[in-house]
Amino acid sequence: MRFWFSGLAILLAVPAFADEKPKPISVPYKLTATNHVMVRVKINGKGPFNFIVDTGAPALFVATKVAKKVNVEKEKDGFGTFESFELEGGLKIDKARGAIEDPFQLEGMNGMGLAGYELHGMIGFNLLAKYKIQYDFTWDKLVLTELPGFDPGLPPRLAGGGGQGGMEFLGFAMKLIGPLMGFKGVPERKPRGFLGVELTETDSTVTVKSVLPGSPADKAGLKPGDTIKNMSKDKIDLISDVAKSAAKRAAGDEVTINIIRDGSEKKITVELGKGL
């Protein structure tokens, strides 16, 4: 009898271990004009900053002016430690190590305004390899799931403190030549408006799955189960339509949302908050 109870205890313990699997995190992204995947991050509680997701970059790269803004100094190996590196959507990395420098690729893109946004760095292999990443370009979010115990480590720095083979001059040259060629550089943009809802999509219908407590959507009265038909004059058939409509507006803007609730149509006006 004593043996039977021990076996039962072991069986009951199994589901508890199963529940400890890392949960997927949905990270909002935008495709830049150059079709790079861009996410927004806060570093040491400051931001937002625009970072390219690039597995081809060997490490996390943080622009020198951003490192200065978040009070992180470059160490002898060219890297710095960022106490908090948080991606929009809730993925937070503590004590992230990254190279503090201005890669010529970003210098050039910013100098000529090619991406349509000012870029502040790149999230590279040393961080990305720790996650399983799902891309779906019909949706407005990446899905990242942590791979416990896997850490590729930092790449060795190149001789000369990170030298880029002299190609860093290319970025500097593009910054100088861009205006002469008619490129106006990075356009000034307001912070993106924040709604605070999770959506689900079925058969050309977009429905509110959940509402973040205290968010602009919550304060305006949006509820789970509401079907979104229009945002101002924009017709909503896909979740991506909501993202496109929201992208036109900034924090503080008001948007009228037409919804279907309990079979009847209703209009709700939301004052967008400030996103990450």
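## A nonpolar surface patch

A nonpolar patch joins Val, Leu, Ile, Met, Phe, Trp or Tyr side chains within 5 Å, taking residues with over 30% relative accessible area and no salt bridge. This model is predicted. On its surface, Leu31, Tyr135 and Phe137 form such a patch. Together they have about 310 Å² of accessible area.

Take Phe137 as one member of the patch. Phe137 lies in a loop. Strand β9 (131-134) and strand β10 (141-146) stand on either side of that loop. Is Phe137 buried or exposed? Its relative accessibility is 53%. Exposed means over 50%, so Phe137 counts as exposed.

## A buried asparagine

Now turn to Asn50. Asn50 sits in strand β4, which covers residues 46-53. The relative accessible area of Asn50 is 12%. The cut-off for buried is under 20%, so Asn50 is buried.

What does Asn50 touch? Leaving out residues up to four places away in sequence, its contacts are Met38, Val39, Arg40, Tyr117, Glu118, Leu119, His120 and Gly121.

Strand β12 spans residues 197-202, and strand β13 spans residues 205-211. The two strands pair in the antiparallel sense, over six bridges. Which residue in β13 is the bridge partner of Leu199? That partner is Val208.

β12 and β13 form a hairpin. Two residues lie between the strands. Asp203 is in the turn, and its phi is positive, at about 50°.

Technical notes:
Residues numbered from 1 in each chain as written. Predicted model: local features only at pLDDT ≥ 70, side-chain atom pairs only at ≥ 80, totals over all residues. Heavy atoms only, no water. Pairing = 2+ DSSP bridges. Helix = DSSP H or I, 4+ residues; strand = E, 2+ residues; numbered from the N terminus. Buried < 20%, exposed > 50% of the residue type's maximum accessible area, 1.4 Å probe, protein only. Contact = heavy atoms within 4.5 Å. Patch = residues over 30% accessible without salt bridge, like charges linked within 9 Å, V, L, I, M, F, W, Y side chains within 5 Å. Areas by Shrake-Rupley, 256 points an atom, 1.4 Å probe, with all protein chains shown as cover. Salt bridge = Lys/Arg side-chain N within 4 Å of Asp/Glu carboxyl O.
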